[in-house]
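The sequence and structure are shown first.

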Amino acid sequence: MKTKLLILFLLAASIAQSQNLLQNPGFEQFTGNIPNFWIVTYGSSQNEVTNKNEGLSSLKGFPESPMPSFTPNFWISQDFTLSDVETYTLKFDYYIPGTISTNNISRIGFELELDNSADAFFFPNYPTITPVFGAWKTVEFDFKIHAFRAPATSAVIKLTLQIGSDAGFTGTNALFDNVIIAKKATLGALDFEKQTNPISYISKDEVKLNSDFKNSSYVIYSLNGTVMKKAKNNSSEIIGISELSKGIYLLKLSDFGTSIKFIKE
């Protein structure tokens, strides 16, 4: 009997998801056109279900100006709490449709700021992001609390994602997706969650791969590191496992960054 997407892969994904300090990081839940757990300060937002990098939706932001002479902006924010003096990483994906001549987005950026400066020493230096049009791009930024100010042992930080256009332009837009804030040491596990599961199904006789991975080289290891089976440039979606004993194994694919645990029944 075929067993759908085995257990240990999904368990790893759920653990990884819990490490993100932000809620609704992929903009999957909306109340109207406002993403749940986020606050829109400037401009307006929309649930985008056609153009997204992962999941079922992304966030489309529209910079707006209260007056024609003012610069249009879109700001969206969420608070999170840091309780360790460790390096954290912010990662997010953005997409700007069209070109600078058809969609005047001149600025993509972000800010991280303390809600209460009495809680910690926090002085991040932000990179300059040159907007790229017509493709999903990833921004990555490392930061840390330098020290907490006694008696505080934690600090609330506000993340603000920003889109801007030049004065006089209306109707511009850009999209955000996959916003992650996590300890840098755990980021590999979070990236693992975002990748497509390469396994379509597993039975007692075979592992079937999704078509994107049918040409991958593979190695199957036992949990003690023994190579049980391998193939170079596999040209099939099927990996036979009928000869393996019942138990837990690791599958390493050349086109996938993380080994996948699976159960042979």
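## Sheets, salt bridges and cores

Strands β9 and β13 are paired in the antiparallel sense, with eight bridges between them. The model is a predicted one. Within this pair, I108 stands opposite I163 in β13.

The two strands belong to an open sheet of four strands, ordered β4-β7-β13-β9 and paired in the antiparallel sense. The edges of this sheet are taken by β4 (39-42) and β9, each with a single partner strand, so one side of each has no neighbour in the sheet. On average, and with direction ignored, neighbouring strands here are turned by 25° against each other.

A further open sheet has five strands in the order β5-β6-β14-β8-β11, again with antiparallel pairing. Its edge strands are β5 and β11 (137-143), each of which pairs on one side only. At one end of the order, β5 and β6 pair in the antiparallel sense over five bridges, and E48 stands opposite S58 in β6.

### Salt bridges

Side chains of opposite charge can pair when their charged atoms come close. The structure holds eight salt bridges.

| Pair | Distance |
|---|---|
| E48 and K60 | 3.3 Å |
| K183 and D84 | 2.9 Å |
| R107 and D166 | 3.9 Å |

The salt bridge between E48 and K60 has its closest N and O atoms 3.3 Å apart. E48 lies in strand β5 (residues 44-48) and K60 in strand β6 (residues 58-62), so this pair ties together parts that are 12 residues apart in sequence. Both residues, E48 and K60, are buried.

In the salt bridge of K183 with D84, the closest N and O atoms are 2.9 Å apart. K183 is in strand β14 (residues 174-183), while D84 is in the loop between β7 (73-82) and β8 (88-95), so the pair ties together parts that are 99 residues apart in sequence. K183 has a relative accessible area of 27% and is therefore partly exposed. D84 is also partly exposed, at 28%. A network of salt bridges links D84, E86 and K183.

The side chains of R107 and D166 form a salt bridge at 3.9 Å, N to O. Because R107 lies in strand β9 (residues 107-114) and D166 in the loop between β13 (155-164) and β14, the pair ties together parts that are 59 residues apart in sequence. The relative accessible area is 33% for R107, which is partly exposed. D166, with a value of 32%, is partly exposed as well.

The side chain of S165 makes a polar contact with the side chain of T172, at 3.5 Å. With neighbours within four places in sequence left aside, S165 is in contact with P63, T71, P72, N104, I105, S106, R107 and T172. One of these contacts, R107, is the residue that forms the salt bridge with D166.

### Nonpolar cores

The largest nonpolar core has 36 residues, and those with the most contacts inside it are F92, F110, L112, F143 and L159. At least two residues of this core come from each of β7, β8, β9, β11, β13 and β14. The strand that gives the most to this core is β13, with five residues.

Which residues does F110 contact, leaving aside its neighbours within four places in sequence? They are L90, F92, Y126, P127, I129, V139, F141, L159, T160, L161 and Q162.

Notes:
Residues are numbered from 1 along each chain as its sequence is written. This is a predicted model: local features need pLDDT of at least 70, side-chain atom pairs count only at pLDDT 80 or more; totals for chains, interfaces and linings use all residues. Side-chain values use heavy atoms; hydrogens and water are left out. A salt bridge is a side-chain nitrogen of Lys or Arg within 4 Å of a carboxyl oxygen of Asp or Glu. Buried means under 20% relative accessible area, exposed over 50%, partly exposed in between (1.4 Å probe, protein chains only). Two strands pair if DSSP finds at least two bridges between them. Axes are lines fitted to C-alpha atoms, for helices over the stretch in contact, and angles run from 0 to 180 degrees between N-to-C directions. A polar contact is a pair of N or O atoms within 3.5 Å; within protein, one must be able to donate a hydrogen and the other to accept it, and residues adjacent in sequence count only if both atoms are side-chain atoms. Contact means heavy atoms within 4.5 Å. A nonpolar core is a set of buried Ala, Val, Leu, Ile, Met, Phe, Trp, Tyr and Cys residues joined through side-chain atoms within 4.5 Å.
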